[in-house]
Amino acid sequence: MNASEIRELLKLLDQPDIISFAGGIPDPAQFPTQAIRDAYAAILSDPAKAAQALQYSVSEGYLPLRGWIRRHMEALGVPCTEANIMITAGSQQALDFIGKLFLSAGDTALVTAPTYLGALQAFNAYEPRYDTLGLEGGNRTPESYREAAAANGGRVGLAYLVADFANPSGETVSLPARQDLLTLAEALDTIVVEDAAYQALRYDGEAVPPLLALDIARSGGIEASRTLYCGTFSKTLAPALRVGWVCGASAAIAKLVLAKQAADLHCATINQMVMHQAAEAVYESQVASNRKVYKERRDAMLAALARHMPENVSWTRPEGGMFIWVTLPAGIDGADLLAQAIKDCRIAFVPGGAFYGEGRQNNKLRLSFSLSTPAQIEEGMARLGALLRRLG
Ligand code: PMP
């Protein structure tokens, strides 16, 4: 089953009797609608602000918003200035621009297996070859990565990872593995792309410092660092305003600004101003509310999996984010199971095969718990467990 067939199946999810664990998206009930409405109203009813909000603006992004992000990054252990930050149309656009700058056809992108499908889609346009990062002690030697890249006629252009509560695995990279990756990247003289889309959504356990913070501590300052941190308001405030950011050494940011200028000049000025005002007003309470709601759903899904899955099925136990990654017995194909699950038991999920740059495994599923109530989760996992038991 190929990607377009899966997309066709996922179109059926609009049907009201289907319980879907497919979409990795925020619950709209969480959106800070009032704060966003207030921000648009305040900006548009003030003639000076309205004139600014509806006008062209600089490619780097709205300065007060970059100031808010600078303080946010500093709280994460990343001392920086506004020159280290560019606003992007979601973090997805940062991934595209980074691919454009750092990957030529035939170069190698190091990614985890599995990895975020949208990053593969962003990088694919620049025709890289993929090689696999084995974080948590499983990386190969720098020579091995370098020689494999050279044999393909290119160099290692970047190492990409979702370090916290990854999409799709839900897993968080440990501190030693982050340090090892920075050591590997140094030896390969390559950049590290830290996708932090879910970083704020931690439900338990200890926060691990961002790779960019560790990189700065090792290298002596952000200007000497090799990590590009991709952040976003999509998972915490609202994705539709399309406001994210990239933070890193100012020389790299300056090049990304040229890519931004060429692509779309700048993000919608009004949306940046609104996001700034909304973040000032509700970011903290918003994250607290997200954590409470999604934690309850994560807990419900882990409990329901334990109750209903047969013994030959295993899954990750994420400390945050939106996803649990399920491993089925070797003979069961996730895409075939999806077709059967929609038809027979009216539940849906994303089959795991699409999340691999190389070394694809088909006996995997990504379950998202962000959109379903604990009762729906219990019912859905009971149906999935019964289906898997029928299949033996
Ligand atoms: N990275 C990861 C890991 C994601 O899951 C997503 C959203 N699916 C993105 C980046 C892109 O999000 P946005 O462009 O809305 O910031």
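## Strands that pair

Two strands pair if DSSP finds at least two bridges between them, and strands here are DSSP runs (E, at least two residues), just as helices are runs of H or I with at least four residues, both numbered from the N terminus.

Which way do the side chains of strand 2 (residues 85–88) point? Ile-85 and Ile-87 face one way, Met-86 and Thr-88 the other, and all are buried. Buried stands for under 20% relative accessible area, exposed for over 50%, and partly exposed for what lies in between (1.4 Å probe, protein chains only).

## About the model

This is a predicted model, in which local features need pLDDT of at least 70 and side-chain atom pairs count only at pLDDT 80 or more, while totals for chains, interfaces and linings use all residues. Residues are numbered from 1 along each chain as its sequence is written, and side-chain values use heavy atoms, leaving out hydrogens and water.

## Salt bridges

The structure has 18 salt bridges, each being a side-chain nitrogen of Lys or Arg within 4 Å of a carboxyl oxygen of Asp or Glu. In one of them, Asp-27 meets Arg-297, with the closest N and O atoms 2.8 Å apart. This pair links distant parts of the chain: Asp-27 sits in the loop between strand 1 and helix 2, and Arg-297 in helix 11, 270 residues away. Both Asp-27 and Arg-297 are buried.

Asp-299 and Lys-295 form another salt bridge, at 3.0 Å from N to O. Because they are four residues apart in helix 11, about one helical turn separates Asp-299 and Lys-295. Asp-299 is partly exposed, with a relative accessible area of 30%. Together with Asp-204 and Arg-298, these two residues belong to a network of salt bridges.

## Around the ligand

Which residues come nearest to the ligand? Of the 13 around it, they are Ser-91, Asp-195, Tyr-198, Thr-232 and Ser-234, where near means a heavy atom within 4 Å. Helix 5 (residues 90–102) gives the most to this shell, with three residues.

A polar side-chain atom of Asp-195 lies 2.6 Å from a ligand nitrogen atom. For Tyr-198, a side-chain N or O atom is 2.6 Å from an oxygen atom of the ligand.

Technical notes: Polar contact = N/O pair within 3.5 Å; in protein donor to acceptor, adjacent residues only side chain to side chain.
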